[in-house]
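I opened my notebook to look up a few things in this structure. Here is what I wrote down, entry by entry.

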Amino acid sequence: MDKLRELRAGGGGGVPDARRRETSQPLSSPVRNGLVMRPLEGEAFPPDMSDSADSGEKVKTKLMSMWNNVRYGWTIKVKTNFSYDLPIWLQGVCYHRRNEELTKQLEPLTDADRRLYTMELFKRDFASKIWLTYRREFPQLAGSMFTTDCGWGCMLRSGQMLLAGGLVMHFLGRDWRWFGNQTREQEAFHREIIGWFGDSESSPFSLHRLVQIGQNLGKRAGDWYGPSSVAHIMKDGMDGAPEFHPLLSQVCVYVAQDCTVYKQDVVSLCTKRRRLSSNTADREGSLENWCSVIILIPVRLGGESLNPIYEPCIKGLFTMDHCLGVIGGRPKHSLYFVGFQDDKLIHLDPHFCQEVVDMTPRDFPLESFHCMNPRKMSIARMDPSCTIGFYCRTREDFNKFCTTVTEEMLRQPGPKADYPMFIVSDGSAEDCKLEGTMQNQPERILRVQHLDREGQLRPLGGPQEDFVFL
């Protein structure tokens with residue numbers, strides 16, 4: 001029991017106890033969902049509104065924010081209940097009292113204490129995910145009058161969150177948590193990554209830059225973006241990101257074509273990008289000729305609604321070490337899925353309007369970029385159109401990813417093997433197209449046709465939104 005008290009006290013990276021207040025902790029530090037939010041060095045939480053000289057303006061701001069939140073999805077903040085008895089999977093990590101890897105250091109504890117401990121670990125992990133939402137009063141988007149993305153930018157925000165998750169995994173690692181003791185390097189990378197998504201033209205993955213890139217795909221500010229379009233926008237954004245910061249040359253983005261990951265295309269991309277960035281220092285000092293890669297796979301898993309045969313496959317994604325999550329959501333309501341419990345998907349919701357954050361000061365506030373309230377949605381309500389994300393740090397990671405996908409998704413009996421969500425293929429996309437023109441034979445696993453609104457076939461390749469599975 002002493003061990004659990006020590007962990008809850010926050011020492012050694014454990015779970016903080018909301019009932020315990022240390023003398024060194026500021027009285028204004030909020031306690032959310034049992035997690036004590038301690039400010040970083042040189043950073044203070046905002047004072048109470050009653051103590052501010054311009055409280056009237058803040059009340060007006062809060063009322064406007066409440067109206068936008070009611071209008072765009074967050075009517076009230078509902079606390080979601082999670083079962084202590086069912087495992088929770090979050091991006092390849094299982095939170096359950098019987099997970100020996102998590103609880104091996106707590107053998108003297110009772111089963112009830114183990115349940116509390118693992119739930120707190122889950123909350124700590126979820127709250128460390130970068131949360132990017134609607135913002136208002138940012139600089140006007142070029143070629144438009146928009147100073148907010150409320151009502152139309154949710155898929156772009158979901159794409160930003162998936163990309164941010166990949167960058168966190170690359171620069172900080174999967175085990176990094178926002179809570180507990182952090183090194184100066186971790187604090188610096190945390191702020192740097194969030195800064196890359198700031199709402200200004202000087203940020204490599206800002207809404208301003210993504211909208212500008214989207215114009216090449218026929219999209220404009222105020223249009224609704226689909227998950228496939230966002231995948232290609234994120235790739236183009238990453239391709240040009242090293243111009244903003246040299247560290248971003250360490251990561252590249254690959255977008256699958258026609259639900260297929262072509263191994264040779266990934267290898268060519270990663271080795272070419274690595275050669276181009278050979279002058280950039282590698283954090284781990286590795287001389288391997290490989291650039292870390294974020295793999296994005298646009299798919300459509302059904303017609304008007306999600307085909308139930310894909311539900312076990314979707315949940316299986318979140319048990320993979322390489323999984324970054326899925327951007328999709330409900331129809332016209334984008335969400336970023338990061339895990340599941342039972343038949344419910346755990347997600348981050350961008351439909352929460354917040355004021356833009358000025359990232360000019362080095363100690364800009366971080367609280368609005370982390371969500372303390374995990375939410376769930378029935379997997380049956382998921383829109384069939386989505387984009388799946390994976391991260392592979394090394395060539396060995398990529399080979400392991402290909403093996404896992406093949407074994408888990410292509411070698412299982414039943415409909416899941418006949419119609420997999422996506423496949424991994426040897427060679428390149430160009431080679432397969434040439435072979436297809438030279439050999440008149442049926443495809444073995446899956447045929448995808450692209451139809452326009454009039455029902456006419458569209459050419460394969462490119463950022464398409466609609467797929468028809470035959």
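Before anything else, I noted how elements are named: helices (H or I, at least four residues) and strands (E, at least two) are DSSP runs, numbered from the N terminus. I am reading a predicted model, where local features need pLDDT of at least 70 and side-chain atom pairs count only at pLDDT 80 or more, while totals for chains, interfaces and linings use all residues. Residues are numbered from 1 along each chain as its sequence is written, and side-chain values use heavy atoms, with hydrogens and water left out.

**Entry 1: a loop**

I looked up D258 and found it in the loop between β6 (251-255) and β7 (260-262). The phi of D258 is near 50 degrees, which is positive although D258 is not a glycine. C259 lies in the loop between β6 and β7 as well. I read a positive phi of about 60 degrees for C259, again not a glycine.

**Entry 2: α5 and α7**

How do the axes of α5 and α7 cross? Helix α5 covers residues 154-171 and helix α7 residues 207-214; their axes come within 11 Å and cross at roughly 110 degrees. Axes here are lines fitted to C-alpha atoms, for helices over the stretch in contact, and angles run from 0 to 180 degrees between N-to-C directions. The two helices are therefore roughly perpendicular to each other (under 35 degrees is roughly parallel, over 145 roughly antiparallel, 65 to 115 roughly perpendicular, the rest oblique). In contact (heavy atoms within 4.5 Å), L156, R157 and Q160 of α5 meet L207, L210 and V211 of α7.

**Entry 3: α5 and α8**

Next I followed α5 to helix α8 (residues 227-240), where the axes are 10 Å apart and the angle is about 50 degrees. That makes α5 and α8 oblique to each other. On the α5 side I listed M155, L156, G159, Q160, L163 and L167, and on the α8 side P227, V230, I233, M234 and M238. This contact has nine nonpolar, two polar and no charged residues. For the classes, Ala, Val, Leu, Ile, Met, Phe, Trp, Tyr, Cys and Pro count as nonpolar, Asp, Glu, Lys and Arg as charged, and the others, Gly among them, as polar.

**Entry 4: the largest cavity**

By class, I noted seven nonpolar, four polar and four charged residues in the lining.
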